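Colleague: Could you walk me through a few local features of this model? I would like to start with how you name the helices.

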Amino acid sequence: MSDAAAQVGLPPVTPEEDHKVSEGKGRAFLGIPVVGWMLIFFGVPYFLLFLQSLWEPTAFGVAHNWTLENYKLVFLGDTLSGNIYIPTLLRSLKVGAMVTICATLLAFPIAYLLAFKISNSRTRLMLYVLVIVPLWASYLLRAYAWKVILGQNGLLGSVLDQLGLENTFLNNLLYSQTAVVITMTHIFTPFMILTIYAVLERLPPSLIEASKDLGVGRMKTFLTLVVPLSLPGVIAGATFTMGLSSGDFVAPQLVGGKNDVMIANQVYSQFGATNNWPLGSAIAFVLLGFVAILVALSTQAEKREQL
Amino acid sequence: MINAESGLTGAPTAGAPAGHAAAVELDNVTKRYGDVMAVEDLDLRVEDGQFLTLLGPSGCGKTTTLRLIGGFEAPNRGEIRIAGDDMSSRPAYKRPVNTVFQQYALFPHLSVSQNVGYGLRHAGVSRSDTAQRVAAMMELMQIPDVGERRPRELSGGQQQRVALARALVMEPKVLLLDEPLGALDYKLRKEMQFELKRIHREVGVTFIYVTHDQEEAMTMSDRIVVMSNGHIEQDASPAEIFDRPLTAFVADFIGDTNIVHGTVTRIDNGHATVDVGPLGEIGGSTDDDLKSGDRVRVSIRPTDVRVEAGAAGEAVVQDSVLVGGHIAMKIASGDETVVAHVARGSSYEPGANVHLHVDSDRIRVFAAAEGA
């Protein structure tokens, strides 16, 4: 064995090593890298962040005194500037919900097309690649692209100009919540397509045939059969999109206006310009709490759907 | 309903007699997938109330035929009529037929009652009427108490009954069954064969049943259509198919048989005498156009071979195994190997010299050329 391995340029394997892997005696140790990874890169930072959120901010840093003031500030605000964080959080969730709805509406027909209407496997593969390709470009690049498209003298504007159309609505498009939603919809639609496609692809065609066989037409079959059976995929994609888009800070910063600040921008500024790490940590944990509730709810829903 | 019309069994398949529409008629139907000919120039006439089985190996075109009738495939050529109406422009959801699918295709997100009531509800039948008809149908299927459960909580046999109920509750003119027992284990399959027969008797609907299992076809059908390579090989009653197969393919496919080769020595009004080398002369009936000296294939059922002690050099027992109630012996005679089924206690040990008697009116003689 060693000779053969040496011949093809592989490191020689001692019989003992070979034995250990195949026997699976200490197989638990195979999990160590994963657990270690999660602990070092997720567990520890989260724990430190949580400690941070319970400390007292000072003018130049952090005093290690236990306090719940940071959370009180997030939920209740202060007398000076009122309550700003919870409304921002709600706005973030609203933007996230809008992105999720738009992405679902866009993604479903495409996933349906891919799964049922394209019978040529080569065409399907090509379309599938087209869906994935945007994921290879950097997020920042794609967000910037929308700045170019939506700007007053941007792509959309000049096309409308060429057509001799009034483009006054464009005046307010860039640097608005609409722009934020458009940009994030573009970014999250591919994920949505992939999760819905994964479910539709596994749907046995005989179910659809059975529905037609029982006298139910195309549209009704789609509504009473395909839509309910695709819900697990829609829920998975929606959870993903909702979680990521309501916690986004790049799109609002690039294409959003002054009033479109989202909760992640607040966190960002507390850790940056304002230099109030304890408050930033507290906001982050409140956001994390909301997302955790969302994931728990969707997991429940998904379980019910699969029954 | 069944009796009045099943007298037409075995009537010519092409062309409908005036004033009487068959449940299903196929005229010259051809279906191609690319270069593959799935069904070619098929003529078929299924009478009202019949239990007809399309039987053949996989790829013979039987499932395609069923899907053409159901409206899931469109023919390249030919006409399909159901109860006299041309179906060429009618999609599956407008045809008066219902299907029991191979893997049942029950809707996983609906309860059993909702599955069975699915078609009725969408046809605009009221909630209370639907509930009543669903309950009656589930009673007929002997699964009255599973209505609230989800399909996947049921056993295979129960799922099978739900699929049947869901199709029959629509009161179709024709029920199409696509290898519905394929997913069940042997014992349950046996049981369901009798169940299907009972249900067919009780509802009186025309059944068109697709299977590759000749035993299943034999047990249940009024009429069997044996298919191979997109053609009909034979269309007759189960007994006739077994006793008087039209082609060597049918003889081989239906039941166990020995096919041995020989030369015709005498031909007399549909009865051929064949010299089969070491086995001697064997007489059998034939529908082929044969003359003296033709090479032929002779089909001999294992049950028609009698085995006696014989002299050395004639035939030798190679193997002898117990198969259920009888013993199957493999016997070599010259170049030919023959399987004989004999009663327990009258078998011979491997290596024994035996003599074979072959004499039965079930012996069939076919021209040697393929497709004759």
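Modeller: Helices (H or I, at least four residues) and strands (E, at least two) are DSSP runs, numbered from the N terminus. This is a predicted model, where local features need pLDDT of at least 70, side-chain atom pairs count only at pLDDT 80 or more, and totals for chains, interfaces and linings use all residues. Residues are numbered from 1 along each chain as its sequence is written, chains are lettered from A and ligands numbered from 1 in the order in which they are written, and side-chain values use heavy atoms, with hydrogens and water left out.

Colleague: Where does Tyr175(A) sit, and is Tyr175(A) buried, exposed or partly exposed?

Modeller: Tyr175(A) has a positive phi near 60° without being a glycine. Its place is the loop between α8 (155-162) and α9 of chain A. Buried means under 20% relative accessible area, exposed over 50%, and partly exposed in between (1.4 Å probe, protein chains only). Since its relative accessibility is 44%, Tyr175(A) counts as partly exposed.

Colleague: And Glu171(B), buried or exposed?

Modeller: Glu171(B) is not a glycine either, yet its phi is positive, about 50°. This residue lies in the loop between α5 (156-168) and β7 (174-178) of chain B. With a relative accessible area of 60%, Glu171(B) is exposed.
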